[in-house]
Each structure stands twice: as C-alpha cells, then as structure tokens.
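Please view the sequence and the structure together before reading on.

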Amino acid sequence: MTAKKQRRKPSRLRADKPQASPESQAPEVSGDAVALPAGAYKVALTLSGVLFVGFLCAVVVYVYAGSWFIERLDATIGETLLERGHNFEKAGEYDLALECYKKALTARFDHAHNRTFTLKCIGALLWWREGPEQALEYLEQAYARPDYPISIFEPLCDSLIEVGRVEEAIDAAKKWHAEAEKADKAPLQARAKLYEGRAYLAQGAEEKALETFVAGGQIGSGGLNAYEAAMLYHEAGDITKTLEYLDAYLKGGSGGRAEYARDLRQRLLAEQQTDPTP
C-alpha cells in the first residue's frame, strides 16, 4: 500500500513580498562567490589601515620605552610578592605567606627598605611559629641593614634571649629604648625595658632586672613590667610591694597571666589577715 502524498499548502505570504527587511536578508549567492554589501571593501580597507598604523605605533613605543617598562615590571615584583604575603598572613595562611616572602627575596625590589622589611616579616613569622634559631637567620640580616623597622626589636630581643645571647639582647633592647624615646613612643619604650629586664633575669642579675622592670612600669603605667616586678618582689618576700605591682598590672592585664595575678593577690591578702604578727 503506497502512502498518499500530501499536497503542499501555498504560503499565505505573497511571493513578491519579502519576509524580512532588505537590510537583514542574506546576500545572494552565485556559485562559490559571496557578493559583499556595497561599501564593505572600503570599510575593510579602512580597518586594515587603522590596524597597521596601530601596529606601527606599538613598535615605536616598544623601541623607545619597552625595555624601561620591562625593567620596571621586574623591579617591582618583590613588592608584589611582599604585599601578597602580607595579605596571606592577615588571612591566617601562614605557610603561603612565608612562601611569598621567601620568593620575594629572590626577586628585585624597587625600594631597598622593602627587602629589609621582607626579611623582618620572615623572621617574625618564624619566631612566632617555629623558634628563635630559625628566626634569627632572617632577623639578623634585617637588623644589619641601615633601614630596619623598629618592629624588628621584639622578635630579635626575645630570640637572642632564648638562644642565650644575653649581652646582645641587652644591647638591642637599649637601642630599641633609645629609638622609641627619640620617636616619642612611650609604649615601645616600656616594651624595650621589659625585654631588657628579661635579659638581665636570664643573666641571673635579679636586682638589675627588678630595677629595669620598675622603670618600665613607670613609663607604661603598669603592664607586663609591673607583673614581672611583682613576681620578683614576691620571690623576695615583700608582700606590700608585690600587692602594689599586682594592682598596677591588673588595671589593664588580661588572660591567663591576669587570672594568676588575681589569685596570687587574693592569697596574699588572706595571708595578711591571718598573720598574727602585728
């Protein structure tokens, strides 16, 4: 049985009426050649000319300024890696930060002080996360340069104390205090006294350490200098002075150390109340 052919319905549109606007109709095709719209050759020629002129301009710019641009790009790659490392460090990605800082040291810097700062950043991060031996390799390189930042002193002094290089720590702490005093930065002056006192303690010079902590407490209105002084007075059996410096510390102290200081204060007050000695 053969299928019945369906008759094709004529289009409702008239044969002489275009189904789209003339502008949107495809060009007529004759064989393999495509007839371009009128004016297309002129547009193509103009565009080619513009591109050629642009290419010539790029060549001229490269000849006169290309080498300078490349040198500048290479010269600032150290700063770029330093900034990237700093961002990683702020985000808590310390391994990535360390990787960026170390890569920066292999690159060129536009400003020499940024290399010094990168050395300090590596040293401070290693001091905090790994230990003084690893940190000192970079901290001492930064400290040997004339443009070291004042923030280098805390990790440097602490690391020197930890590895037993006490005299060097004392010298660095004194220099720290002098620079902080010159810059009129009292909190840093007090911090320098704290590490100087700790260095004296590591040396076994407790009287000198106490004197230094007391001086630091007077600069910084208590703080950790007052805490360290209180501990030394407590070891010496001077309850009155111990309470005085504990009170000075507890005005701003916090955390586990402050909790211990409060407990010690309460015990000493209780001992005073139960002591039969007039």
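A disulfide is here a pair of cysteine sulfur atoms within 2.5 Å. By that criterion, the structure, which is a predicted model, holds zero disulfides. Two of its cysteines may be described by their accessibility. Cys100 counts as buried, at 8% relative accessibility, and Cys157 is likewise buried, with a relative accessible area of 1%.

**Helix pairs**

| Helix pair | Axes within | Crossing angle |
|---|---|---|
| Helix 7 (residues 166-182) and helix 8 (residues 186-203) | 8 Å | roughly 165° |
| Helix 8 and helix 10 (residues 223-235) | 9 Å | roughly 30° |
| Helix 3 (residues 94-105) and helix 4 (residues 112-129) | 10 Å | roughly 150° |

Angles over 145 degrees count as roughly antiparallel, and helix 7 and helix 8 are therefore roughly antiparallel to each other. Their crossing is left-handed. On the side of helix 7, the residues in contact include Val166, Ile170, Ala173, Trp176, His177 and Ala180; on the side of helix 8, they include Leu188, Ala192, Tyr195, Ala199, Tyr200 and Gln203. The residues of this contact divide into twelve nonpolar, three polar and six charged. Among the residues taking part are Glu167, Lys174 and Glu181 of helix 7, and Arg191, Lys193 and Glu196 of helix 8.

Helix 8 also meets helix 10, and the axes of these two cross at roughly 30°. That angle makes helix 8 roughly parallel to helix 10. The contact is formed by Ala190, Arg191, Lys193, Leu194, Arg198 and Leu201 of helix 8, together with Leu224, Asn225, Glu228 and Leu232 of helix 10. By class, the residues of the contact of helix 8 with helix 10 comprise five nonpolar, one polar and four charged. Arg191 and Lys193 of helix 8 take part in the contact with helix 7 and in that with helix 10.

Helix 3 passes helix 4 in a left-handed crossing. From helix 3, Tyr94, Asp95, Ala97, Leu98, Tyr101, Lys102, Ala104 and Leu105 meet residues of helix 4 that include Arg115, Leu119, Cys121, Ile122, Leu125 and Trp128. The contact of helix 3 with helix 4 has twelve nonpolar residues, one polar residue and four charged residues.

How many of the ten residues of helix 6 are buried? Eight are, so helix 6 is largely enclosed by the rest of the structure. The buried residues are Phe153, Pro155, Leu156, Cys157, Asp158, Ser159, Leu160 and Ile161. They pack against helix 4, helix 5, helix 7 and helix 8. Just after helix 6, Gly164 takes a positive phi of about 85°.

The loop between helix 5 (132-143) and helix 6 (153-162) contains Ile150. With 25% relative accessibility, Ile150 counts as partly exposed. Beyond its neighbours within four places in sequence, Ile150 is in contact with Trp176, Glu179, Ala180 and Leu188. The C-alpha atoms of Ile150 and Glu179 are separated by 7.7 Å, although the two residues are 29 residues apart along the chain.

How values were computed
Residues numbered from 1 in each chain as written. Predicted model: local features only at pLDDT ≥ 70, side-chain atom pairs only at ≥ 80, totals over all residues. Heavy atoms only, no water. Axes fitted to C-alpha atoms, helices over the stretch in contact; angles between N-to-C directions. Helix = DSSP H or I, 4+ residues; strand = E, 2+ residues; numbered from the N terminus. Parallel < 35°, antiparallel > 145°, perpendicular 65-115°, else oblique. Left-handed = near helix turned anticlockwise from the far one by under 90°. Contact = heavy atoms within 4.5 Å. Nonpolar A, V, L, I, M, F, W, Y, C, P; charged D, E, K, R; others polar. Buried < 20%, exposed > 50% of the residue type's maximum accessible area, 1.4 Å probe, protein only.
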